[in-house]
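My entries follow the sequence and structure shown here.

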Amino acid sequence: MNLPRAGARLQILLGHLGQPSAPAIVAQPVSGLASPASFHPEQFQYTLDNNVLSLEQRKFYEENGFLVIKNLVSDDDIQRFRAEFERICREEVKPPGIVIMRDVALAKQDYMLSDRIVSKIQDFQEDEELFRYCLLPEILKYVECFTGPNIMALHGMLINKPPDVGKKTSRHPLHQDLHYFPFRPSNLIVCAWTAMEHIDRNNGCLVVLPGTHKGTLKPHAYPKWEAISCHFGSSDCQFIDVSGTSQENIAKEVVEMAEKKYGFQGVMDFKDTWMFRSRLVKGERINI
């Protein structure tokens, strides 16, 4: 672990501790023109002025809340990320702070350590090889269109989709990412998601409900069931109090997990948990 960086995050955390206390799904194309409504630069709420995105791309994102940039990450990089993921699954490397989530239908069975039983890894900010994804210039070039020049990597994930064993445990329910984030404004937060193999509806592709970025935050709960990505945000974002909101339940769950993991029993809050998982990738760290 980078000790100076970890120490700095710990000092921030200790400072906090010392203070008082959807409609039916319809398939949509992933590219195309936005609605014919008239747009002017001053009307864009979700992208910033620069020379990277075209006017049509900004219109499309404004209406739909996503963009598809094909072949952005090289095959060589994807193979390196895949190899590192497999090493983590085999426990050949053990990055500090990383969370390894195993398929619940297989975790208790006598399977050899492999990518067959791991469904997801999270918080890979201390794994220098996987974190390279968050530092790729071709990724940050587009991220800056949404966050501005001061960019924090807030949450890294690599989601694995091995063949389902018949228990439907490989399913990943629809959700709003903002439900898990105790910071705002939401229009300075974006996720970069890259498929690491060919995907389609038959093998588990990413699904988006166009336009839901403009709606309200919905209550979330776990469903009654038995690609590498990173969320980025501007360091200008501010932490918010989620007490009494639909995010309160996930805040309690995340805090309980973090206290168990880091040993701060009964003293952490939701925003404290983000001090350990966020990392500056460009510009200056201002707030978060």
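This is a predicted model: local features need pLDDT of at least 70, side-chain atom pairs count only at pLDDT 80 or more; totals for chains, interfaces and linings use all residues.

Residues are numbered from 1 along each chain as its sequence is written, and side-chain values use heavy atoms, with hydrogens and water left out.

Entry 1, the helix pair. I looked up helix α6 (residues 248-262) and helix α7 (residues 270-277), which pack at an angle of about 50° with their axes 9 Å apart. That angle makes α6 oblique to α7 (angles under 35 degrees count as roughly parallel, over 145 as roughly antiparallel, 65 to 115 as roughly perpendicular and the rest as oblique). In contact (heavy atoms within 4.5 Å), I found Ile250, Ala251, Val254, Val255, Ala258 and Tyr262 of α6 meeting Phe270, Thr273, Phe276 and Arg277 of α7.

In helix α5 (residues 137-147), I list Ile139, Leu140, Tyr142, Val143, Cys145, Phe146 and Thr147 as buried (under 20% relative accessible area, with a 1.4 Å probe and protein chains only). Their cover includes α2 (55-64), α4 (128-135) and β3 (151-159). After α5 comes Gly148, with a positive phi near 90°.

Gln247 lies in the loop between β7 (238-239) and α6, and counts as buried because its relative accessibility is 3%. I also found that Gln247 touches Phe270, among other residues.

Methods: Axes are lines fitted to C-alpha atoms, for helices over the stretch in contact, and angles run from 0 to 180 degrees between N-to-C directions. Helices (H or I, at least four residues) and strands (E, at least two) are DSSP runs, numbered from the N terminus. Buried means under 20% relative accessible area, exposed over 50%, partly exposed in between (1.4 Å probe, protein chains only). Lists of a residue's contacts leave out its neighbours within four places in sequence.
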